[in-house]
Amino acid sequence: MARAAGARGRAGWCGRRGRCGRCGRGALLAFAAWTAGWVLAAALLLRAHSGVLSERCTNEKSRRILAALCQDYRGGALAGDLCEDLCVAGKLLFQRCLHYDRGKKVLQADWRGRPVVLKSKEEAFSSFPPLSLLEEEAGEGGQDIPEAELLLMVAGEVKSALGLELSNSSLGPWWPGRRGPRWRGQLASLWALLQQEEYVYFSLLQDLSPHVLPVLGSCGHFYAVEFLTAGSPHHRALFPLDRVPGAPGGGQARAISDIALSFLDMVNHFDSDFSHRLHLCDIKPENFAIRSDFTVVAIDVDMAFFEPKMREILEQNCTDDEDCNFFDCFSRCDLRVNKCGAQRVNNNLQVICDKIFRHWFSAPLKSSAVSFQLQLQLQEAVQECADPGVPSGNARRDAPSVFWKLHRLLQATLRELQEAEK
């Protein structure tokens, strides 16, 4: 009502002074500012809930996508070690659509009796820019492309994906193999795969880490990985633990402690065992799965970055600290130069404590076998880890001490549970 009265007052003033044009311009500016505010709010909402724009995942469309893939394979446009099983022998069979998100397609299939997941960043092979060497090369099937030139192109694409410069001897996972009748299709397929950061990460880390899915094979722009049931906030324990052996309560408490220790192992591994720290910027149950031995596996690494690329992402213009938040990876704004710091101020452990461990350990474990004092210590350690309360942003400095405190308390929890079973 006050706003309406104010508008009437301004209209009367315009009438008395004969300056309605200026008043109209002011109204237009106010309307434009109001509209811009709503557009900004909508953009932020969509960024936080990107699934709003996700395409509907259907089995019918998924079958059409795979049919188009096989048509391209038969035409020689693409190749891969899974193409024969998928397109000819019928040993790689589509089961169901799992997920579509901003172009990314995730499908479940059965490969010779083994459940697998087929993934691609884009629906169609033609969506990926072609390899310029193939376009320029006049030789039949691309056979005349010099190996040194091809190595240079592959190394450049890997550097673009990872932010790392790798030696030629490290490029083995991405080499297309021997030259033969399908050499051109192999090169084109390799190039499409190299433009998918997640594929590059999985390929690089599969022999280096038990916490990353191995690539089982590929056909064109689709690659296959092991099928594991992802976590979900809808599970009471975040991950499906219905078949955990042992007594009710005690079996689940033991499983949660084992999984928590595996999360700690993964954090230590990603922080220390590669040439550069690996940052996870999208930590949520849906991006992890648990093997039968309780090993935590990262099944979605679209938002994982080695230190050099992480610094490049964080170092942006800013007006406050919120401008320096890249999903779960935070930096701080230097107001003297209006630039975000290149160094991340939180860490993987802190986010895992906040988004995973709090869910498990903020309340007493469902087992009377664990002493109240130990449960209280564990709750306090998780709180300290998730919210270190260091204004200067030295979470990385304090991470080792809280890491080993959590490790010790989880080991003690397992010992008490094992003692209770005797």
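Student: Why is H11 called roughly antiparallel to H12?

Tutor: Helix H11 (residues 348-361) and helix H12 (residues 372-386) pack at an angle of about 150 degrees, their axes 8 Å apart. Angles over 145 count as roughly antiparallel, so H11 is roughly antiparallel to H12. Their crossing is left-handed.

Student: What makes the contact between them?

Tutor: From H11 the contributors include Leu-349, Cys-353, Phe-357 and Phe-361, and from H12 they include Leu-378, Val-382 and Ala-386. The contact residues of the two helices divide into eight nonpolar, three polar and two charged.

Student: Why are S1 and S4 said to stand at the edges of their sheet?

Tutor: The order in this open sheet is S1-S2-S3-S5-S4, with antiparallel pairing. S1 (92-101) and S4 (215-219) each have a single partner strand, so one side of each lacks a neighbour in the sheet.

Student: How do you know that S3 and S5 count as paired?

Tutor: Two strands pair if there are at least two bridges between them. S3 (residues 114-120) and S5 (residues 222-226) have four, in the antiparallel sense. In one of them, Val-117 is partnered by Val-225 of S5.

Student: What makes residues 1-23 a stretch to treat with care?

Tutor: There pLDDT stays under 50, on a scale from 0 to 100. Where pLDDT is low, the predicted coordinates should not be read in detail. The chain's mean pLDDT is 85.

How values were computed
Residues are numbered from 1 along each chain as its sequence is written. This is a predicted model: local features need pLDDT of at least 70, side-chain atom pairs count only at pLDDT 80 or more; totals for chains, interfaces and linings use all residues. Side-chain values use heavy atoms; hydrogens and water are left out. Axes are lines fitted to C-alpha atoms, for helices over the stretch in contact, and angles run from 0 to 180 degrees between N-to-C directions. Helices (H or I, at least four residues) and strands (E, at least two) are DSSP runs, numbered from the N terminus. Angles under 35 degrees count as roughly parallel, over 145 as roughly antiparallel, 65 to 115 as roughly perpendicular and the rest as oblique. A crossing is left-handed if the near helix is turned anticlockwise from the far one by less than a right angle, and right-handed if clockwise. Contact means heavy atoms within 4.5 Å. Ala, Val, Leu, Ile, Met, Phe, Trp, Tyr, Cys and Pro count as nonpolar, Asp, Glu, Lys and Arg as charged, and the others, Gly among them, as polar. pLDDT is the predictor's confidence in each residue, from 0 to 100.
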